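Subject: Structure handover

Hello,

Here is the structure I promised you. Please open it first, then read my notes alongside it.

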Amino acid sequence: MQPKGYTGRILFIDLTKQKYVVKPLEVSIAKQFIGGSGLAAYLLWNMLNENVHPLSPDNVLVVATGPATGALAPSAGRFMVASKSPITGIWGESHAGGFFGPEIKYAGYDAIVITGRSSEPVSLIINDDEVTFYRSQHLWGLDTRTATNIILDSLGRDLHVMVIGPAGENMVKFASIMVDYYRALGRTGMGAVMGSKNLKAIAVRGSRGVEVHNPDEFTKVVEEFLYINTRGPWALPAQLSLGKYGTPNLVSLMNAIGRLPTKNHWTGYWEHADKISGEALLKYRISRGSCFSCMIMCKHITMVGGGKYAGTVTGGPEYESLVSLGSNLLIDNAEAVIYMNQLCNLYGLDTISTGKVISFLFECYERGLVSEEELRGLKPTWGNEETAIELIKMITYRQGIGNVLAEGVARAARIIGRGSEYYALHVKGLEVSAQDPRAHKSVGVTWATSVRGADHLRSLTTVDELGYRDIAIERFGAEMANEVCNRLSEGYKGVVVKDQEDLFALVDSVIMCKYGTMWPPMYYFDFIARLLYPLTGIEEFSNVKHLREAAERIVNLKRCFNLREGIGKEYETIPKRFTSEPMPTGPAKGHVCNLEPMLKEYYLYRRWDYNTGLPYGETLEELGLNFVLVELEKRYSLPRRGNGGSS
Amino acid sequence: MVLVRLHGVIKEEGGIGVVNVDAKSVSEVLHKLPSRIKDIVGKYIKYVVIVVDGEILHVNSEKYLEGDEAVDIFLVAGGG
């Protein structure tokens with residue numbers, strides 16, 4: 001019987017032949033990989049191999065929803081894209097909120113799988129069962145807002161649109177995709193993958209609904225969620241901090257605990273943080289909105305009404321963008337940061353990677369590692385907003401030193417050389433996010449092990465961020481709670497990160513928002529189980545053990561995807577700045593991140609071999625990943641628990 | 001005198017961002033806040049985060065304050 005929640009259909013589109021076909025979603029695959037990120041992992045494992053270049057027509061772009069998407073479950077409006085990443089060459093994925101995801105479901109698809117390359121610029125217009133290859137030469141070269149406007153004006157304002165800007169067209173390795181103007185599929189260069197396929201946009205309109213297995217029971221659980229969201233213990237702080245100020249609210253708090261990346265992550269404390277804080281940004285806010293079925297409403301639209309940057313209107317900036325383009329560059333002019341955020345969104349650039357490649361250049365300049373000849377008159381000095389703005393344009397259009405930075409910080413450092421590699425802050429090629437593992441130790445193991453590179457959204461833990469003892473006791477037991485809650489201790493952080501990574505693998509597959517699961521830590525495995533069974537009718541989903549296993553399966557499959565690409569344990573480290581340079585100032589002064597003990601513990605709980613980083617053969621067998629094991633054994637001699645493996 | 005910095009809704013509702021308090025512990029700081037601020041902090045006490053020079057302390061903490069510390073009072077938040 002076809003489960004509910006899902007549409008049971010996957011749309012496969014071949015851009016080379018301009019053909020499409022709909023295939024069924026197998027129930028057994030849904031049971032094992034849930035949907036969203038897990039389904040994408042299954043599809044990409046089977047459709048790709050290590051010989052496929054990320055920017056070749058052979059790469060595959062998956063746009064996926066989860067069973068909860070569009071079904072009125074709380075905070076379940078998100079969707080994701082996945083592909084082999086052009087910036088890292090390994091697993092790439094990015095998620096966005098809004099209303100695009102539900103529209104895919106309403107058009108009748110759980111996922112869209114895009115292969116090939118169009119011979120000319122094209123957009124995909126999806127109206128329920130009808131797919132149109134819309135010639136888009138007139139859109140090529142346009143920024144994301146203008147292109148979206150033209151699509152909506154020409155084809156109907158009820159469409160939802162994801163589109164790339166000039167950065168994606170120019171295959172900047174960290175190009176983003178913008179969704180309905182203000183939401184970004186930011187990380188891992190998914191915009192460059194679209195650009196390489198000559199795919200400017202995807203627009204979707206759907207007229208169907210999402211069927212629910214047991215509407216009465218589902219409604220009951222949803223009402224319980226709503227009660228927790230509005231009257232539960234976390235409801236008020238969620239509304240008064242995240243809702244009222246949005247993610248920028250974190251700037252002051254992170255600064256107070258010494259975890260605010262400043263000056264290319266040189267330190268974690270900045271005296272000017274209040275100038276780019278949530279409170280400072282409040283006066284620019286013109287609108288507050290939500291994603292589909294969300295009550296937190298953290299999405300803010302900001303506008304600069306006067307001065308040098310008058311007329312700037314942008315979604316956010318979110319915390320990560322504020323830090324990457326603000327404190328990280330020592331730019332304390334909030335209006336300049338808002339403007340840079342807008343530029344990134346219009347050009348289609350990931351704000352995190354953009355900020356980090358610029359701060360890398362600033363530091364290289366300060367240390368005399370780039371020549372005046374390479375800079376051609378640019379003055380990349382700390383706090384220089386004009387230069388930062390110019391660099392955003394140069395990166396987008398691959399001009400001068402911008403062409404080097406457009407390759408991402410790892411490649412840029414290899415091109416520049418002269419010891420600049422030390423200041424290129426990345427893991428596996430992805431620029432680090434806006435945390436600091438010297439001030440929040442578990443971030444070290446999060447960054448090192450994250451499947452897409454240095455990343456806060458695969459396993460960032462908040463139980464230790466401010467120390468939620470009740471949650472720590474509930475999840476890890478009273479004996480571990482004190483150590484778990486200490487963000488400046490490495491103790492038990494391997495197990496905490498493993499647990500969070502599993503939770504997020506499930507959340508990213510269901511798909512729900514990190515707000516409600518990461519922070520506030522309201523929803524855990526048990527709650528998701530209670531939601532999924534009445535939604536889908538898949539009995540296994542009512543079993544927390546099954547969901548935990550599915551989450552581990554997804555984590556392992558993605559890791560094996562990277563292992564197939566030759567990226568294993570030797571890449572699971574963090575930049576030396578965090579392991580050997582004691583934090584120079586602020587509340588975490590003197591701290592470094594001692595990664596290895598956390599990593600060792602993480603591997604132990606993952607059932608992977610510490611020496612090689614490879615999963616034990618038994619681990620893959622127990623997770624039902626025999627098809628993965630067979631392929632990996634062509635490349636590696638997988639350890640066995642009783643055969644010399646160590647943990 | 002301990003420098004107390006107020007953030008977010010506490011600052012907004014209180015209409016003031018910084019106060020100086022003569023106190024030797026966090027609990028004393030909270031007790032000696034100006035009455036309007038004290039009421040606001042009291043209203044949100046379950047959700048208040050106290051950070052003293054980077055260290056998160058409980059609202060009832062009796063840890064001795066030298067007097068040159070900065071005490072930040074937030075409403076709880078988190079994530080990235």
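In chain A, take the contacts with a separation of 6 or more: residues 24 or more positions apart account for 69% of them. Contact means heavy atoms within 4.5 Å. In chain B, 53% of the contacts between residues at least 6 apart in sequence join residues at least 24 apart.

Some ground rules. This is a predicted model, where local features need pLDDT of at least 70, side-chain atom pairs count only at pLDDT 80 or more, and totals for chains, interfaces and linings use all residues. Residues are numbered from 1 along each chain as its sequence is written, chains are lettered from A and ligands numbered from 1 in the order in which they are written, and side-chain values use heavy atoms, with hydrogens and water left out.

**Chain A**

Chain A has 28 helices and 17 strands. Helices (H or I, at least four residues) and strands (E, at least two) are DSSP runs, numbered from the N terminus. The radius of gyration of chain A is 23 Å, close to the 26 Å from the globule rule for 647 residues, so chain A is as compact as a globular protein of that length. That radius is taken over C-alpha atoms, and the globule rule is 2.2 Å times the number of residues to the power 0.38. Along the principal axes, the C-alpha atoms of chain A fill a box of roughly 65 × 60 × 55 Å.

How much of chain A is buried? Of its 647 residues, 67% count as buried. Buried means under 20% relative accessible area, exposed over 50%, and partly exposed in between (1.4 Å probe, protein chains only). Chain A exposes about 20400 Å², and carbon and sulfur atoms supply 50% of that. Areas come from the Shrake-Rupley method with a 1.4 Å probe; for residues, only the protein chains shown count as cover.

Now the charges. Chain A has 69 positive and 70 negative side chains, with the centres of the two sets 2 Å apart. Lys and Arg count as positive, Asp and Glu as negative; His and the chain ends are not counted. Each charge is placed at NZ of Lys, CZ of Arg, CG of Asp or CD of Glu.

**Places to look in chain A**

- Start with helix H18 (residues 442-449) of chain A: eight of its eight residues are buried. Trp447(A) is one of them. They pack against strand E16 (426-427) and helices H19 (463-467), H22 (493-510), H25 (576-580) and H26 (595-606) of chain A.
- Ser287(A) sits in strand E13 (residues 285-289). Its relative accessibility is 31%, so Ser287(A) counts as partly exposed. Beyond its neighbours within four places in sequence, Ser287(A) is in contact with Lys299(A), His300(A) and Ile301(A).
- Gly316(A) and Pro317(A) are joined by a cis peptide bond, with omega about -5 degrees. Pro317(A) is in the loop between strand E15 (312-315) and helix H11 (319-325).
- The bond from Trp519(A) to Pro520(A) is also cis, with omega near -15 degrees.
- His265(A) is not a glycine, yet has a positive phi of about 65 degrees. At 0% relative accessibility, His265(A) is buried.
- Asn198(A) has a positive phi too, near 60 degrees. Asn198(A) is buried, at 18%.

**Chain B**

Chain B has three helices and five strands. Their order along the sequence is β-α-β-α-α-β-β-β. The radius of gyration of chain B is 11 Å, close to the 12 Å that the globule rule gives for 80 residues, so chain B is as compact as a globular protein of that length. Of the 80 residues in chain B, 57% are buried.

Look at Val29(B), in helix H2 (residues 26-32) of chain B. Val29(B) is buried, with a relative accessible area of 1%. Leaving out neighbours within four places, Val29(B) is in contact with Val2(B), Val4(B), Val21(B), Ala23(B) and Leu65(B).

**Where the chains meet**

How many residues of chain B are in contact with chain A? There are 21, and they are in contact with 32 residues of chain A. The area buried between the chains is about 2000 Å², and carbon and sulfur atoms give 64% of it. Here, buried area is the accessible area (1.4 Å probe) that two parts lose on being put together, summed over both. Ala77(B), Gly79(B) and Gly80(B) supply 27% of the area that chain B buries against chain A, more than any other three residues.

Best wishes
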